Amino acid sequence: MFKKALIIEDDFRIAESYAILFWSKGIDAVIETSRDEAFLRLTQENFDVCILDYQMAGMTAEEFIPKVRLLRSKIHFILISGNPDIFEISSKLGVSYALAKPFSPERLYAYIQRLFEANSSNQPNIQFRGD
């Protein structure tokens with residue numbers, strides 16, 4: 001299973017609900033409420049998966065994801081948003097999953113499990129969108 005997840009969400013309560021579930025499943029979850037702080041953390045620590053809210057102040061997801069990939073080429077991204085175009089946007093950014101809000105933390109965790117299963121079987125990086 002993935003050992004470390006970075007949750008980037010400007011609503012701390014939402015991020016905390018994800019983190020609590022991850023912690024209960026043995027995943028080390030770290031919360032950042034700004035992309036700038038998250039990027040700084042990514043320069044200092046390795047993460048297996050990054051859960052990223054699409055709509056946040058500061059650096060856009062379109063700027064953030066390629067910048068992170070220069071540092072951490074193997075990191076997986078799960079992009080979350082209330083934007084109805086999130087699946088088209090995620091396809092352009094090459095993220096592993098996109099989730100349209102609202103969704104349950106359990107659904108997010110299920111996607112993390114799928115990423116692990118794909119990686120543990122030595123399959124090439126598979127792009128998932130939705131169910």
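**Entry 1: the sheet**

In what order do the strands of the open sheet stand, and is their pairing parallel or antiparallel? I looked this up in a predicted model. The five strands of the open sheet follow the order β2-β1-β3-β4-β5, and the pairing is parallel. I noted β2 (28-32) and β5 as the edge strands, since each of them pairs on one side only. From one strand to the next, the twist averages 15°.

**Entry 2: the chain as a whole**

I then turned to the protein chain, which has five helices and five strands. Read from the N terminus, its elements run β-α-β-α-β-α-β-α-β-α. The chain has 131 residues, and buried residues make up 45% of them. I also looked up how far apart in sequence the contacting residues lie. Among contacts with a separation of 6 or more, 63% are between residues 24 or more positions apart.

**Entry 3: pairing, strand by strand**

β1 and β2 pair in the parallel sense over five bridges, and K4 has D28 of β2 as its bridge partner. Next I followed β1 to β3: these strands run parallel and are joined by four bridges. Here I7 finds its bridge partner in I51 of β3. β3 also pairs with β4, in the parallel sense and over five bridges. For L52, the bridge partner in β4 is L79.

**Entry 4: strand β3**

Is β3 largely enclosed by the rest of the structure or largely open? I found five of its five residues buried, so β3 is largely enclosed by the rest of the structure. V49, I51 and D53 point one way from the strand, while C50 and L52 point the other way. The residues on both sides are buried, D53 included.

**Entry 5: the nonpolar cores**

Which residues touch the most other members of the largest nonpolar core? I recorded L6, I8, C50, L52, F64, F77 and L79, out of 24 residues in this core. At least two residues of the core come from each of β1 (4-8), α2 (35-44), β3 (49-53), α3 (61-71), β4 (76-81) and α4 (86-93). The largest share is that of α3, with four residues.

I took I8 as one member to follow. Beyond its neighbours within four places in sequence, I8 is in contact with E32, S34, R35, A38, C50, I51, L52, D53, M56 and F64. Another core, of 22 residues, lies apart from the largest one and includes A15, A19, I51 and L108.

**Entry 6: helices α2 and α3**

At what angle do α2 and α3 pack? I found an angle of about 5°, with the axes 10 Å apart. The two helices are therefore roughly parallel to each other. On the α2 side, the contact is made by R35, A38, F39, L42 and T43. On the α3 side, the residues are A61, F64, K67, V68 and L71. By class, I noted seven nonpolar, one polar and two charged residues in this contact.

**Entry 7: W23 in helix α1**

I next looked up W23, which has its place in helix α1. Is W23 buried or partly exposed? Its relative accessibility is 45%, so W23 counts as partly exposed. Leaving out neighbours within four places in sequence, I found W23 in contact with D28 and A29. A5 is 18 residues from W23 in sequence, and their C-alpha atoms are 9.9 Å apart in space.

With 0% relative accessibility, A98 counts as buried. A98 is 10 residues from E88 in sequence, and the C-alpha to C-alpha distance between them is 9.3 Å.

Which form has the peptide bond from K101 to P102, cis or trans? I found it cis, with omega near 0°. Most peptide bonds are trans. P102 lies in the loop between β5 and α5 (105-120).

Technical notes
Residues are numbered from 1 along each chain as its sequence is written. This is a predicted model: local features need pLDDT of at least 70, side-chain atom pairs count only at pLDDT 80 or more; totals for chains, interfaces and linings use all residues. Side-chain values use heavy atoms; hydrogens and water are left out. A nonpolar core is a set of buried Ala, Val, Leu, Ile, Met, Phe, Trp, Tyr and Cys residues joined through side-chain atoms within 4.5 Å. Buried means under 20% relative accessible area, exposed over 50%, partly exposed in between (1.4 Å probe, protein chains only). Contact means heavy atoms within 4.5 Å. Axes are lines fitted to C-alpha atoms, for helices over the stretch in contact, and angles run from 0 to 180 degrees between N-to-C directions. Angles under 35 degrees count as roughly parallel, over 145 as roughly antiparallel, 65 to 115 as roughly perpendicular and the rest as oblique. Ala, Val, Leu, Ile, Met, Phe, Trp, Tyr, Cys and Pro count as nonpolar, Asp, Glu, Lys and Arg as charged, and the others, Gly among them, as polar. Two strands pair if DSSP finds at least two bridges between them.
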